[in-house]
Amino acid sequence: MSEPAIQPPGHFGIRPDKETFLAEENPFEAMMERFDHAAQLLNLDPGLYKVLRNPEKQIIVSVPVLRDSGELEVYTGYRVLYNTSRGPAKGGIRFDLNVTLEEVKALAAWMTWKCALVNIPFGGSKGGVVCDPTTMSMGELERVTRRYTAGIIETLGPDSDVPAPDVNTNERVMAWIMDTYSMHHRHTVTAVVTGKPVAMGGSLGRREATGRGCMFVTREALAKLGMGLKGARVAVQGFGNVGSVAADLMAKEGARIVAVSDKSGALHNPEGLDIAELIKWVKEHRQLAGYPKAEAFSKEQLLTVDCDVLVPAATENVITRKNAPHIKAKIICEGANGPTTAAADEILEKKGVFVIPDILANAGGVTVSYFEWVQDRGGYFWDEETVNRRLESIMVRAFNEVAATTEKYKVNTRIASYIVAVDRVAAMHRLRGMYA
Ligand code: NAD
């Protein structure tokens, strides 16, 4: 049998742990509840409320694929465009057995709010194919990608819907999507996807963008508490793309990373871990476990370790009503999507923890995806310093807007983020008028 083309979930992306997921609540329901709260405070008119609670377009396609064995398999693929009032839809594509239409819808809504919050001219979308890429050869994966792309090709396009990598998809998959789309259109269209290899129109700084964004907003939150990154004690859950980069960049700004974890376990050193060395270790050993120069402790302990900043950058629903009362961090920077349950949110608010919510904290990734799209369309590429500087300016602006909204509405930062985002999407609808 040929080598699986994609690493098991946890390398390119992660799945919610089923038990935790079912134990407290559905993160997507929780997200829509927060939307409802924001809509209420904004006094959204009932018609517009109905429009914003429903996806614009939902596509279901059958994806026939020839397996290497000669057998024909048919997978199901989805693409949901939630809202495109502010611009082309933007959202990742995941290949996973757990993909459902409900989940894709919710994730597309999430993208809508995130793009509006950082004020980039995109709407929100998401897509997925119900399949297990870990059992596929590279050839099979390519055929799934190309046939799915062909199935949804009418909605794709730099002006209509722009995919990106998500769980179990990567820059290789984006390159195939770009090629398939370009072959159908008879010319090369690099701007149809983001998260591409840099050599084919990807952006410098994209890989680090989400972790870098986390670093910028954490710095701003610390400043609000009269602190700085220098000397701040930080614990990071998840040592993948987001967590390892956030830890590395914060350490470079003088923070002391006192604990990190991944699926294999957690490491602790109150004096500060050597993040550059840990990144090398993980490259070689593919996991944190076994690293000899730190005390190993349980993954659960990481969340309640003594620190100033906690960065959950692994998966959903990890901060729950059970562990929230024991969290010692003053700031939580949500690198992951949906790491905090609504019940935990209430506890954290009472404790006075400063939460930088996911739609703000991890928006650095989609922001640099936007830069990639701009560069592809302009045919002019920026150096990395320009990318990082422009990312910083967008992240700091969004942070300040959320902080001001928190004051104005006397709400927590999460609801404030939804207020800013929903208000922007609603404003666009009002300006355009409703074609109804
Ligand atoms: P990744 O697969 O590169 O890394 C995930 C890390 O989390 C791995 O180190 C894995 O071992 C670890 N992990 C998984 N379960 C864990 C657990 N129970 N305890 C401790 N560690 C655990 O994924 P990523 O790209 O870094 O994404 C992480 C999160 O950030 C996800 O929620 C993702 O949706 C979100 N996010 C990512 C981006 C991006 O640009 N990569 C952008 C926005 C949001």
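**Exercise 1.** Determine whether D68 is buried, partly exposed or exposed in this predicted model, and identify the salt bridge that joins D68 to R143.

*Solution.* 
Step 1. The relative accessibility of D68 is 47%. Buried requires under 20% and exposed over 50%, so D68 counts as partly exposed.
Step 2. The side chain of D68 meets that of R143 in a salt bridge, with an N to O distance of 2.8 Å.
Step 3. R143 lies in helix α5 (residues 138-151), whereas D68 lies in the loop between β1 (57-66) and β2 (72-83); the two residues are 75 apart in the chain.
Step 4. R143 has a relative accessible area of 32% and is likewise partly exposed.

**Exercise 2.** Classify R414 and E334 by accessibility, and locate their salt bridge.

*Solution.* 
Step 1. The closest N and O atoms of R414 and E334 are 2.8 Å apart.
Step 2. R414 belongs to helix α15 (residues 413-432) and E334 to the loop between β11 (331-333) and α11, 80 residues apart.
Step 3. Relative accessibility is 3% for R414 and 0% for E334; with the cut-off of under 20%, R414 is buried, and E334 is buried.

**Exercise 3.** Which residues are linked with R414 in a network of salt bridges?

*Solution.* 
Step 1. The network comprises R34, E334, D345, D358 and R414.
Step 2. Within this group, D345 and R34 form a salt bridge of 3.0 Å, N to O.
Step 3. D345 is in helix α11 (residues 342-351) and R34 in helix α2 (residues 27-41), so their pairing ties together parts 311 residues apart in sequence.
Step 4. Both D345 and R34 are buried.

Technical notes: Residues numbered from 1 in each chain as written. Predicted model: local features only at pLDDT ≥ 70, side-chain atom pairs only at ≥ 80, totals over all residues. Heavy atoms only, no water. Salt bridge = Lys/Arg side-chain N within 4 Å of Asp/Glu carboxyl O. Helix = DSSP H or I, 4+ residues; strand = E, 2+ residues; numbered from the N terminus. Buried < 20%, exposed > 50% of the residue type's maximum accessible area, 1.4 Å probe, protein only.
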